[in-house]
Amino acid sequence: MNERIAIVDDEPITRMDIRDIVENAGYQVVGEGSDGFEAIDICQKEKPDLVIMDIRMPLLDGLKAGKKILADHLSHSIVYLSAYSDDEDTETASQIGAVGYLVKPLSERSLLTTIRVGLVHDKRTQELSDEVDDLTIKLKERKLIDRAKGILMSENNLSEDAAYKMLRNLSMSKRRSMKDIAELIVMDA
């Protein structure tokens, strides 16, 4: 396994126990911290696949830190830990986008199961993000080609189909993508 995990808890013994469980399961611990500021710093430097973080910590709590981490795409998955099973914290963690919420003391089995679920969530999130990026690029290219088609239609008194064929033929004869040809046509328009 190459999954990278950050552990953030203000209790050193808890961090050590979690680290032992995580590393014995084959995961890589890329950083440890004791408050929300350290969590953000670790995530900015390491971009872990998953963050295991206590909710109640000094200076900056885990909920605020998690909100920043997810908003800035520093990690896609956060598993929260708490000594309390408090409805307000659970609701806030859900709204932020946490993939898990475990109440201390932790059971090794629950922690590892939650980590696996979180990592699957991370993978799916990344796949969806990549797909959205690809579709955004394709949509921009389609709009550009449509603009170029409109210019060709107007300047050459062509039908939409004829303008498209002209773009396609230029693309093939000049050995450039239709996007490149469309950019050149639209450039001075």
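Analyst: Helices (H or I, at least four residues) and strands (E, at least two) are DSSP runs, numbered from the N terminus. This is a predicted model, in which local features need pLDDT of at least 70 and side-chain atom pairs count only at pLDDT 80 or more, while totals for chains, interfaces and linings use all residues. Residues are numbered from 1 along each chain as its sequence is written, and side-chain values use heavy atoms, with hydrogens and water left out.

User: At what angle do α5 and α6 pack, and how far apart are their axes?

Analyst: Two packed helices are described by the angle between their axes and the distance between the axes. For α5 and α6 the angle is about 110 degrees and the axes are 9 Å apart; axes are lines fitted to C-alpha atoms, for helices over the stretch in contact, and angles run from 0 to 180 degrees between N-to-C directions. The contact (heavy atoms within 4.5 Å) involves, among others, Ile-145, Ala-148 and Leu-152 of α5 and Ala-163, Tyr-164 and Leu-167 of α6. By class, this contact of α5 with α6 has eight nonpolar, one polar and three charged residues, where Ala, Val, Leu, Ile, Met, Phe, Trp, Tyr, Cys and Pro count as nonpolar, Asp, Glu, Lys and Arg as charged, and the others, Gly among them, as polar.

User: How do the axes of α5 and α7 cross?

Analyst: The axes of α5 (residues 108-156) and α7 (residues 178-186) come within 8 Å and cross at roughly 50 degrees, which makes α5 oblique to α7. Residues of α5 that meet α7 include Leu-144, Ile-145, Ala-148 and Leu-152, and their counterparts in α7 include Met-178, Ala-182 and Val-186. The residues of this contact of α5 with α7 divide into nine nonpolar, no polar and four charged.

User: What is the strand order of the sheet, and which strands are at its edges?

Analyst: Strands of a sheet pair through backbone hydrogen bonds, either parallel or antiparallel. Here an open sheet of five strands has the order β2-β1-β3-β4-β5, with parallel pairing, and two strands count as paired if DSSP finds at least two bridges between them. The edge strands, each pairing on one side only, are β2 (28-33) and β5 (100-103). Strand β1 (residues 4-8) pairs with β2 over five bridges in the parallel sense, and the bridge partner of Ala-6 in β2 is Gly-31. Helix α2 (residues 36-46) lies across β1, β2 and β3 (50-54), and runs at about 145 degrees to β2.

User: Where does the backbone have a cis peptide bond, and which residue other than glycine has a positive phi?

Analyst: Most residues other than glycine have a negative phi, and most peptide bonds are trans. In this model a cis peptide bond, with omega about 0 degrees, joins Lys-104 and Pro-105, and Pro-105 is placed in the loop between β5 and α5. Asn-157 has a positive phi, near 50 degrees, and lies in the loop between α5 and α6 (160-174).

Conventions: Angles under 35 degrees count as roughly parallel, over 145 as roughly antiparallel, 65 to 115 as roughly perpendicular and the rest as oblique.
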